[in-house]
Amino acid sequence: MSSESGSAVRKANNGRTTAYPQAEQRARREVQEYAARVAELSAATERNRLARDIHDSLGHHLTAISVQLEIASEFAALDPHAAGRAMTEARQSVKPALGDVRQSVRALREEAARPALSTALAGWAREDGAGPRVSVAVTGEEDGYGTAALTALHRAAQEGLTNALRHAHASQVSVDLRLADDGARLTVADDGRGFTPAETTTGFGLTGMRERVHLVAGSVDIDSAPGRGTRLTVFVPRGGAER
């Protein structure tokens with residue numbers, strides 16, 4: 001082989017040897033950029049989840065405490081006994097609020113326990129005392145429903161009850177959950193003042209509730225009109241995995 005052709009080969013080889021590191025560097029940058037995008041999306045998803053958790057859990061309990069304190073203030077002079085009951089219920093609402101805070105901390109440490117809906121919802125029932133009457137009915141078994149689905153149902157029930165207590169000025173609220181073979185149907189109904197859904201700007205609570213339910217392939221329906229109360233219906237299919 002002539003010296004000239006050998007030089008050409010060396011040049012060609014040199015070109016290839018310098019191209020490979022450049023390709024590797026470019027591929028490495030693309031992988032790093034992709035990983036950064038994935039991390040950013042994961043962080044945004046986690047922030048949204050935490051925002052929903054804080055609003056749904058603490059918001060529910062703080063609303064209940066606020067309502068009871070308002071009742072206690074109004075009845076302090078007129079009916080001290082009713083005011084005392086309201087204060088007692090407000091104090092009792094502090095304990096589950098603290099429990100939800102601890103559960104959120106456990107969730108951040110990946111120690112979240114599967115929610116027991118029958119127990120959680122039953123604790124909301126209130127048949128006497130000051131404030132709206134709240135009835136709770138749960139039928140069926142939770143087997144076959146994943147943690148995401150049960151959490152979505154739990155938070156949807158909390159949001160419905162919270163809105164009934166905070167905005168509807170209802171005297172009666174019913175929470176009904178039916179766990180069937182095909183799916184779970186949750187209904188939260190009140191006899192409050194109602195509203196026109198199409199004319200109402202959706203708040204963060206309802207937005208977060210819809211996001212949770214849609215993530216488990218469920219559906220949300222709100223039926224309401226001024227003067228005839230509100231009915232929230234949520235359906236979550238059994239065995240549906242979180243998207």
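Student: Is Thr 187 buried or exposed?

Tutor: Thr 187 is buried, with a relative accessible area of 13%. Buried means under 20% relative accessible area, exposed over 50%, and partly exposed in between, using a 1.4 Å probe and protein chains only. Bear in mind that this is a predicted model, where local features need pLDDT of at least 70, side-chain atom pairs count only at pLDDT 80 or more, and totals for chains, interfaces and linings use all residues. Residues are numbered from 1 along each chain as its sequence is written, and side-chain values use heavy atoms, with hydrogens and water left out.

Student: Where is Thr 187 in the fold?

Tutor: Thr 187 lies in strand E3. Helices (H or I, at least four residues) and strands (E, at least two) are DSSP runs, numbered from the N terminus.

Student: And which residues is Thr 187 in contact with?

Tutor: Leaving aside neighbours within four places in sequence, Thr 187 contacts Ser 174, Val 175, Asp 176, Arg 231, Leu 232 and Thr 233. Contact here means heavy atoms within 4.5 Å.

Student: OK, zooming out. In what order do the strands of the sheet come?

Tutor: The order is E1-E2-E3-E5-E4, an open sheet of five strands with mixed pairing. Two strands pair if DSSP finds at least two bridges between them. At the edges are strand E1 (133–139) and strand E4 (219–224), each pairing on one side only.

Student: How do E1 and E2 run?

Tutor: They run parallel, joined by seven bridges, with E2 covering residues 172–179. Val 134 sits opposite Val 173 in E2, and Val 136 is opposite Val 175. Further along, Ala 137 faces Asp 176 in E2. The chain gets from E1 to E2 through H4, and that β-α-β crossover is left-handed. For the convention, right-handed would be a clockwise path from the first strand over the helix to the second, with the strands pointing away from the viewer.

Student: What about E2 and E3, parallel or antiparallel?

Tutor: Antiparallel, over seven bridges. A hairpin of three residues joins E2 to E3, and Leu 177 has Leu 186 as its bridge partner in E3.

Student: Which residues of E2 are on the covered face?

Tutor: Val 173, Val 175, Leu 177 and Leu 179 are on the covered face, while Gln 172, Ser 174, Asp 176 and Arg 178 are on the uncovered one.

Student: Switching to the core. How many residues does the largest nonpolar core have?

Tutor: It has 37 residues, and those with the most contacts inside it are Leu 153, Leu 177, Leu 186 and Val 234. A nonpolar core is a set of buried Ala, Val, Leu, Ile, Met, Phe, Trp, Tyr and Cys residues joined through side-chain atoms within 4.5 Å. H4 gives the most to this core, with ten residues.

Student: What does Leu 153 touch?

Tutor: Not counting residues up to four places away in sequence, Leu 153 touches Leu 117, Leu 177, Leu 179, Ala 184, Leu 186, Val 234 and Val 236.

Student: Last one: where is Gly 140?

Tutor: Gly 140 is in the loop between E1 and H4. Gly 140 is partly exposed, with a relative accessible area of 48%. From Gly 140 to Ser 118 the C-alpha to C-alpha distance is 9.4 Å, with the two 22 residues apart in sequence.
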